[in-house]
Amino acid sequence: MSKSDGARTLVINPLRTALSHYQTGVLSALRDQDVLADVLAFHEPSSNGGHQVQWLTNYLRALRVARRRRYQSTLILWPVAGYLDLVALRLLGIPHPHLVMHDPTPLVRSLGYDPISRWLARRFHTGTVISHSNAALAETEDVLGSDRIVLVPHPVVPDARDATATRSKAIRVLGQYKSSRDLRALEEIAAA
């Protein structure tokens, strides 16, 4: 899929707010590989006070666009319905789908991660599942088997700052302050 052959990839981001930085990294990585991409992104219910039904409707509309326009491939940055997304991609006939599974075993109860959804995905999934860590890869392989699952480095957004700019010697430490936390190590680093 190079710029010269006109092939395009559709990137679907159903977590526009939470994954905005990730989306930027993905698009940068695609550009580096000369892949032309269109983006359909929409806000998750938690970021704009929307409803899950509307969120799911937006996702289904995006999948309909992927099928109707016959993109070279479709890259989905987050599974809206967990492992059921893999079944839906097959039922809807999405050409060459790729689904990023960030959290194959969520910490909280979520749609599409129950035993029945996992069983359906194991038997009826299509496309490629993308993992960004060995732990996620192993968990996904336990559910789906090892075929059509790939380990891909997490995309990194290039530093947009001018490389010739003077760098500050200030060091910022980000985190939650607690009075009980031992800050001596930071003081020693600063002194050194």
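Me: H6 lies across S5 and S6; at about what angle to S6 is H6 running?
Reply: The model is predicted: local features need pLDDT of at least 70 and side-chain atom pairs pLDDT 80 or more, while totals for chains, interfaces and linings use all residues. Residues are numbered from 1 along each chain as its sequence is written, and side-chain values use heavy atoms, without hydrogens and water. Helices (H or I, at least four residues) and strands (E, at least two) are DSSP runs numbered from the N terminus; angles, from 0 to 180 degrees, are taken between N-to-C directions, with axes fitted to C-alpha atoms, for helices over the stretch in contact. Helix H6, which lies across S5 and S6, makes with S6 an angle of about 175°.

Me: At what angle do helix H5 and helix H6 pack?
Reply: H5 spans residues 115-124 and H6 spans residues 134-144, and their axes are 8 Å apart. H5 is therefore roughly perpendicular to H6, a class that covers 65 to 115 degrees (under 35 is roughly parallel, over 145 roughly antiparallel, the rest oblique). The packing angle itself is about 80°.

Me: Which residues of H6 make the contact with H5?
Reply: Contact means heavy atoms within 4.5 Å. By class, the contact of H5 with H6 has three nonpolar, no polar and three charged residues, where Ala, Val, Leu, Ile, Met, Phe, Trp, Tyr, Cys and Pro count as nonpolar, Asp, Glu, Lys and Arg as charged, and the others, Gly among them, as polar. H5 contributes Arg118, Ala121 and Arg122, and H6 contributes Asp142, Val143 and Leu144.

Me: Which strands stand at the edges of the sheet?
Reply: Six strands form an open sheet in the order S2-S1-S3-S4-S5-S6, with parallel pairing; two strands pair if DSSP finds at least two bridges between them. The twist averages 25° from one strand to the next. Each edge strand has a single partner, so one of its sides is left without a neighbour in the sheet; the two are S2 (36-41) and S6 (149-151).

Me: What is the bridge partner of Val129 in S6?
Reply: Strand S5 covers residues 128-131 and runs parallel to S6, to which three bridges join it. One residue pair of this pairing includes Val129, whose bridge partner in S6 is Ile149.

Me: Which residue of S3 stands opposite Thr9?
Reply: S1 and S3 run parallel and are joined by four bridges. S3 also pairs with S4 in the parallel sense over three bridges, Thr74 having Pro97 as its bridge partner in S4. The residue of S3 opposite Thr9 is Ser73.

Me: Are Ser73, Leu75, Thr74 and Ile76 of S3 buried or exposed?
Reply: Buried means under 20% relative accessible area and exposed over 50%, with partly exposed in between (1.4 Å probe, protein chains only). Ser73 and Leu75 lie on one side of S3 and Thr74 and Ile76 on the other; both faces are covered, and all of these residues are buried.

Me: About what angle does the direction of helix H1 make with that of S2?
Reply: Helix H1 (residues 20-32) packs on the sheet. H1 touches strand S1 (8-13), S2, strand S3 (73-76) and strand S4 (97-100), and its direction makes with that of S2 an angle of about 165°.

Me: How far apart in sequence are the parts that Arg8 and Asp38 tie together?
Reply: The side chains of Arg8 and Asp38 meet in a salt bridge at 2.7 Å, N to O; the term denotes a side-chain nitrogen of Lys or Arg within 4 Å of a carboxyl oxygen of Asp or Glu. Arg8 is partly exposed at 31% relative accessible area, and Asp38 is partly exposed at 24%. Because Arg8 lies in strand S1 and Asp38 in strand S2, the parts tied together are separated in sequence by 30 residues.

Me: With which residue does Asp147 form a salt bridge?
Reply: The whole structure holds two salt bridges. In this one the closest N and O atoms are 3.6 Å apart. Asp147 is partly exposed at 42% relative accessibility, and its partner is Arg148.

Me: What distance separates the C-alpha atoms of Leu99 and Gly127?
Reply: Leu99 is in strand S4 and is buried, at 0% relative accessibility. Beyond its neighbours within four places in sequence, the contacts of Leu99 include Ile76, Trp78, Leu86 and Val129. Leu99 and Gly127 are 28 residues apart along the chain, and their C-alpha atoms are separated by 7.7 Å.

Me: What percentage of the residues of the protein chain count as buried?
Reply: The protein chain has seven helices and six strands. Of its contacts with a separation of 6 or more, 63% come from residues 24 or more positions apart. Among the 192 residues of the protein chain, the buried share is 34%.
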